Amino acid sequence: MITKRIIPCLDVRDGMVVKGIQFKNHKIVGSIVSLANKYSDEGADELVFYDIGASTIGSTLKKEWVSKIADVINIPFCVAGGIKSVDDARDILNLGADKVSINTPALQDPSLISALSKEFGSQCVVIGMDVKTIDEKSYLFAKTGSEKTSHQTNIIASDWIKKVQNLGAGEVVINSMNKDGMKNGYDIELLQDLSNVCKIPMIASGGAGSTKDFVDVFTNTNVDGALAASIFHNNEYSINQVKTSLKGNKINVRI
Amino acid sequence: MTVAIIDCGGSNLRSVSMAIKRLDMDYIVTDDVSLINSSEFVILPGVGSAQNVMQTLKSKNLIEIIKSLKQPVLGICIGMHILFEFSEEGNSQCLGIIKGKITRFNNKNLKIPQMGWNKVLFLEDELKNLDNYYYFANSFYSQIYQCTKATSNYGLPIASVVQKDNFMGCQFHPEKSANAGIKFLKYFFSKR
């Protein structure tokens, strides 16, 4: 059967990889191509590049770096940030990306999801969801790339999953805003809850701090992959260490 | 050695091109009949949907050209699907080089699309030195037919490599399957 995926996430701003805590205070961690190469060599199953500046300032994604990545790595990668139209997505895919992830533009115009799916196939269409649990209800947030623009919507996360999968999305990435950058484990409760309604691949994001957190998320939820940033960027653990630990716990991974 | 990558409108042309470039082979992305005919290898790199790829090939008058090719041809993902007679994706008539049809995954307990790295079991000795994990991204699949050269499991057994004469197809994306994919492409290019 298909293996569980380990996915390093590289937040990109102004052409560099950055990392913040709970979506704030971003610091530069390295260059895009060198980190992409490193993770690919270490056995990452896939990479996600999140252009966190793009959607908040309304700019079109600066695209050269996408083709630079495609030229050096031979594992799948997804590009997110600032993709607002079928034409935007076509540009990114033609530069060598395998998938595009859309977040705020999908909230503003859900028909974009079906348009993308029809044009490129559902396997290209990932929906990023920034979710915060407030008084036991899980709400979607929009424009989270900057603390100035980030705001709560009235959309409940499980309702949104049902909607996007009907519109032809091929995957969802669940970013837990409560857990992001905290390094004390994935949001197991949220992911269990959302797994109940999700019929397309689901990726956990936010909260990885140790190999145990990966074991926990795959043991206790039905997610297909786990995304992480700081644990890998800070060289606390290698991807191979994480996968070895997963394999030791009888979780099916590619080593 | 020249590889003609048929421009059939998919979005993985660049990735396939780069994979071939890394193997130090000359390649050209083309829909030109004489370039396709004179190349030593041909790749059908379909991504998107079977009906779109078939429509594109039809509008470029490439259907009969592809069917008559004598050099090794590799169809990737949708490029493999269209080698068969029919695909349930858009109820598309395909090239009919290989007998059989492409079916949609229809198991309510499975997530669709299949997305990620799955194990591939090669059925023939000459393929058994290849690596076992490859990257898949598909909602439609081929069941096991006589032409199946490798299988995978996604809730049920599926064909991951098929072959008839000089036509080979792989369900996975070798251009995205790290070193395993490079080895697989090298194997294809060793067949002349």
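Let me begin with a term: a residue is called buried if its relative accessible area is under 20%, exposed if over 50%, and partly exposed in between, with a 1.4 Å probe and protein chains only. Helices (H or I, at least four residues) and strands (E, at least two) are DSSP runs, numbered from the N terminus.

The model before you is predicted: local features need pLDDT of at least 70, side-chain atom pairs count only at pLDDT 80 or more, and totals for chains, interfaces and linings use all residues. Residues are numbered from 1 along each chain as its sequence is written, chains are lettered from A and ligands numbered from 1 in the order in which they are written, and side-chain values use heavy atoms, with hydrogens and water left out.

I turn to helix 1 of chain B, residues 13-22. Seven of its 10 residues are buried, which leaves the helix mostly covered. These are Leu13(B), Ser15(B), Val16(B), Ser17(B), Met18(B), Ala19(B) and Ile20(B). What covers them? Part of the cover comes from chain A, in the form of helix 3 (64-72). From chain B, the cover includes strand 1 (2-6), strand 2 (26-30), strand 3 (41-44), strand 4 (73-76) and helix 6 (178-190). Contact here means heavy atoms within 4.5 Å. After helix 1 of chain B comes Asp24(B), with a positive phi near 60°.

Next, a sheet in chain B. Strands of a sheet pair through backbone hydrogen bonds, either parallel or antiparallel. Two strands are taken as paired if DSSP finds at least two bridges between them. In chain B, four strands form an open sheet in the order 6-5-7-11, and the pairing is mixed. Strand 6 (92-93) and strand 11 (140-142) of chain B are at the edges with a single partner strand each, so one side of each has no neighbour in the sheet. Strand 5 (residues 86-87) and strand 7 of chain B run parallel and are joined by two bridges; within this pair, Phe86(B) has Lys101(B) as its bridge partner. Strand 7 (residues 101-104) and strand 11 of chain B, by contrast, pair in the antiparallel sense over three bridges. There, Ile102(B) is bridged to Ser142(B).

Beyond its neighbours within four places in sequence, Ser142(B) is in contact with Met80(B), Phe84(B), Lys101(B), Ile102(B), Ile158(B) and Ala159(B).

Now to the helices of chain A. Axes are lines fitted to C-alpha atoms, for helices over the stretch in contact, and angles run from 0 to 180 degrees between N-to-C directions. Angles under 35 degrees count as roughly parallel, over 145 as roughly antiparallel, 65 to 115 as roughly perpendicular and the rest as oblique. A crossing is left-handed if the near helix is turned anticlockwise from the far one by less than a right angle, and right-handed if clockwise.

Helix 4 (residues 86-94) and helix 6 (residues 111-120) of chain A pack at about 40°, their axes 10 Å apart, and are therefore oblique. Among the residues making this contact are Val86(A) and Leu93(A) of helix 4 of chain A, and Leu112(A) and Phe120(A) of helix 6 of chain A. Helix 8 (residues 188-195) and helix 9 of chain A pack at about 30°, with axes 10 Å apart, and are therefore roughly parallel. The crossing of helix 8 and helix 9 of chain A is right-handed.

Finally, Asp224(A), which sits in the loop between helix 9 (211-220) and strand 12 (225-228) of chain A. Its relative accessibility is 16%, so Asp224(A) counts as buried. A polar contact is a pair of N or O atoms within 3.5 Å; within protein, one must be able to donate a hydrogen and the other to accept it, and residues adjacent in sequence count only if both atoms are side-chain atoms. Which partners does the side chain of Asp224(A) reach? One is the backbone nitrogen of Met202(A), at 2.8 Å. Another is the side chain of Lys111(B), in a polar contact of 2.8 Å.
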